[in-house]
Amino acid sequence: MKIEVTGKNGFNPTKDIKEQAEKKLAKLKDLIPDYDNTVARVLCKDYKTYKKVEITIPSKKIILRAEVSAPDMRSAIDEATDKLVTQIKKYNSKVKDKLGKTSLKYQDVDEVRGEVVRDKHLKLEPISEEEAIDQMELLGHKFFVYLDKDTKKTNVIYQREDGNYAVIETE
């Protein structure tokens with residue numbers, strides 16, 4: 001896995017921080033099928049009262065993302081990595097229960113920051129509603145954009161306040 005560690009809000013990652021991220025993310029080697037061809041983006045942010053780490057790993061099977069705030073950067077990296085391990089195990093368990101294999105499609109995410117808070121570019125691979133729900137829950141988001149494998153239309157699925165899901169289908 002290639003690991004890109006960057007800083008924001010005046011934080012410049014030290015060699016020790018980069019090495020810790022590499023060491024912790026090595027835990028994922030046996031959990032991600034395409035580990036050697038995967039890039040992990042580790043963004044370290046420095047705030048007055050806490051540190052924040054965001055780790056994003058778009059792999060061939062899933063997009064993993066963890067965001068953690070902690071008193072120090074090392075703790076944030078540790079907690080974020082633990083979150084990723086939990087996400088992968090949960091994902092693998094769900095897929096094996098539903099499909100008997102791990103064969104969901106993936107999406108590539110490009111994040112650009114500026115005046116717009118976040119601009120994501122998605123490469124949409126056809127997936128089912130159930131797979132979209134799994135991805136949405138895995139990412140911890142309230143909505144998910146996907147290409148429906150049956151209709152070939154771009155859809156947005158979201159969780160309603162009552163716990164059920166709704167789909168917005170584009171024309």
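Student: Which residues on the other side of α1 are exposed?

Tutor: Lys15 and Lys23 are exposed there. Bear in mind that this is a predicted model.

Student: Which residues of helix α1 are buried?

Tutor: Helix α1 covers residues 15-25, and its buried residues are Ile17, Gln20, Ala21 and Leu25.

Student: What makes the buried residues of α1 line one face of the helix?

Tutor: Look down the axis of α1. The buried residues fall within an arc of 120°, so they line one face. An α-helix has 3.6 residues a turn, so residues three or four places apart point the same way.

Student: On to α2. Why is glutamine 87 called buried?

Tutor: Glutamine 87 lies in helix α2, residues 73-99. Its relative accessibility is 13%. Buried means under 20%. Therefore glutamine 87 counts as buried.

Student: What does the side chain of glutamine 87 reach?

Tutor: The side chain reaches the backbone oxygen of arginine 65, at 2.8 Å. The cut-off for a polar contact is 3.5 Å, so the 2.8 Å pair falls within it. Glutamine 87 and arginine 65 are 22 residues apart in sequence, and their C-alpha atoms are 8.7 Å apart.

Student: Which residues does glutamine 87 touch, not counting residues up to four places away in sequence?

Tutor: Glutamine 87 touches Leu64, Arg65 and Leu138.

Student: How do you know that glutamine 135 is buried?

Tutor: Glutamine 135 lies in helix α3. Its relative accessible area is 5%. That is under the 20% limit, so glutamine 135 is buried. From C-alpha to C-alpha, glutamine 135 is 7.6 Å from isoleucine 63, although the two are 72 residues apart in sequence.

Student: Which strands does helix α3 lie across?

Tutor: Helix α3, residues 129-139, lies across β7, β8, β9 and β10. It runs at about 150° to β8.

Student: What makes β7 and β10 the edge strands?

Tutor: The sheet is open, with the order β7-β8-β9-β10 and mixed pairing. Strands β7 (126-127) and β10 (165-169) each pair on one side only. That puts them at the edges.

Student: How do you know that β8 and β9 pair?

Tutor: Count the bridges. Five join β8 (residues 143-148) to β9 (residues 154-159). Pairing needs at least two, so β8 and β9 qualify. The two strands run antiparallel. Valine 145 stands opposite valine 156 in β9.

Student: Why is the pair of tyrosine 47 and tyrosine 50 called stacked?

Tutor: The count comes to one aromatic pair. The ring centres of tyrosine 47 and tyrosine 50 are 4.8 Å apart, with planes at 20°. Centres within 6.5 Å make a pair, and planes under 30 degrees apart count as stacked. So this pair is stacked.

Student: Why are tyrosine 47 and tyrosine 50 called partly exposed?

Tutor: Tyrosine 47 has a relative accessible area of 27%. For tyrosine 50 the value is 29%. Buried is under 20% and exposed is over 50%. Both values lie in between, so both residues are partly exposed.

Notes:
Residues are numbered from 1 along each chain as its sequence is written. This is a predicted model: local features need pLDDT of at least 70, side-chain atom pairs count only at pLDDT 80 or more; totals for chains, interfaces and linings use all residues. Side-chain values use heavy atoms; hydrogens and water are left out. Helices (H or I, at least four residues) and strands (E, at least two) are DSSP runs, numbered from the N terminus. Contact means heavy atoms within 4.5 Å. Axes are lines fitted to C-alpha atoms, for helices over the stretch in contact, and angles run from 0 to 180 degrees between N-to-C directions. Buried means under 20% relative accessible area, exposed over 50%, partly exposed in between (1.4 Å probe, protein chains only). The arc is that of the directions from the helix axis to the C-beta atoms. A polar contact is a pair of N or O atoms within 3.5 Å; within protein, one must be able to donate a hydrogen and the other to accept it, and residues adjacent in sequence count only if both atoms are side-chain atoms. Rings of Phe, Tyr and Trp (its six-membered ring) pair if their centres lie within 6.5 Å; planes under 30 degrees apart count as stacked, over 60 as edge-to-face and the rest as tilted.
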